[in-house]
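Hello,

Here is the structure for you to take over. My notes on it follow below.

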Amino acid sequence: MRGRTWAMLALTLVGTGLAGRAAELRLGSEPPLPVPNLLVNPGVEEGADGRPQSWAFGTATPAIFESDWRDGGRSGRCLWLKARTGEMSGYWAQSVAVVPGTPYLAKGHLRILSGKILCYVHGTADAGDGRKVSVDARHYRGTMRGHWLTPVFVPLDALSGPDAERWHPFRIAFTPPAPVDRVALSLGLYFAAGEALFDDLEVCLAEVALQVRVEAAAGEVLRRVVVRADGTAKPILDSGTLPEGAGVFTQAIPGQPSDGQWTLTVTLADGRTLSQRYPKHEGEAPR
Ligand SMILES: [Ca+2]
């Protein structure tokens with residue numbers, strides 16, 4: 001621990017510059033991270049009169065469904081629904097405005113106690129020439145748990161499907177085609193008797209443009225600039241050896257995932273290296 005503390009202190013000294021002299025590293029993005037969550041009441045905590053704010057439950061056959069805003073969520077309260085038969089589907093939903101032609105992500109967490117769930121993003125618009133243009137991106141998950149064949153014909157240890165006690169993340173990528181500028185995220189049970197819960201939901205931009213800017217201090221020269229994304233071996237940017245006397249380096253790297261994390265490493269001509277993480281998470285040690 002003592003050795004590590006000294007190593008961190010040494011890195012901090014290099015990073016802030018001895019005698020107040022060091023290159024300035026700026027790693028950011030457009031738009032900045034974290035990107036905004038477009039959903040209202042995404043954690044399902046707000047509401048009144050027993051109903052969650054901005055979320056609505058809909059089905060063609062209300063008689064077979066029970067839905068509720070209840071405790072026991074991944075955070076505080078959550079959306080719950082139960083279908084007594086598989087006659088029809090039913091969904092909790094919220095719609096958001098989107099920019100046509102832009103990649104988005106819908107994300108969240110779910111628990112399936114029984115049955116089959118469907119999370120999907122959908123939107124339709126009139127193309128203006130009588131045609132309809134749509135987006136429909138789906139995430140299905142199911143379990144045999146609670147099925148009428150269980151456990152008489154299907155041994156319990158052979159059941160497929162996610163653990164009912166745990167919250168499972170889901171993720172749906174979609175790009176609304178022009179002129180679709182509004183989509184709904186629907187979360188529900190899909191033509192099967194069952195029971196499920198949903199919480200901590202998000203619709204956000206899928207991509208950002210990373211912005212790299214490095215400026216040498218007086219008397220310094222930049223030799224090489226490298227940006228690595230966590231979890232990938234090959235750098236997403238490698239300047240190679242910079243021209244003699246390089247003092248400023250700037251570059252935009254479009255199409256980067258909005259849930260990524262990156263490290264900018266700069267090597268100076270005198271052999272020193274400086275680095276910066278983006279986005280910086282609270283409590284993260286300097287590197
Ligand atoms: Ca919650």
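The mean pLDDT of this predicted model is 88, and 84% of the residues reach 70 or more. pLDDT is the predictor's confidence in each residue, on a scale from 0 to 100. Two stretches fall below 50. Residues 1-19 do so, with 13 contacts beyond near neighbours in sequence. Residues 154-158 are also below 50, with 4 such contacts. A contact here means C-beta atoms, placed from the backbone, within 7 Å. Where pLDDT is low, the predicted coordinates should not be read in detail.

Two conventions. Numbering starts from 1 along each chain as its sequence is written. As the model is predicted, local features need pLDDT of at least 70 and side-chain atom pairs 80 or more, while totals for chains, interfaces and linings use all residues.

The protein has 1 helix and 18 strands. These are DSSP runs numbered from the N terminus: helices are H or I with at least four residues, strands E with at least two. Of contacts with a separation of 6 or more, 73% join residues 24 or more positions apart.

Pairing requires at least two DSSP bridges between strands. β1 and β13 (residues 207-215) run antiparallel and are joined by 7 bridges. In β13, L210 is the bridge partner of S29.

Best regards
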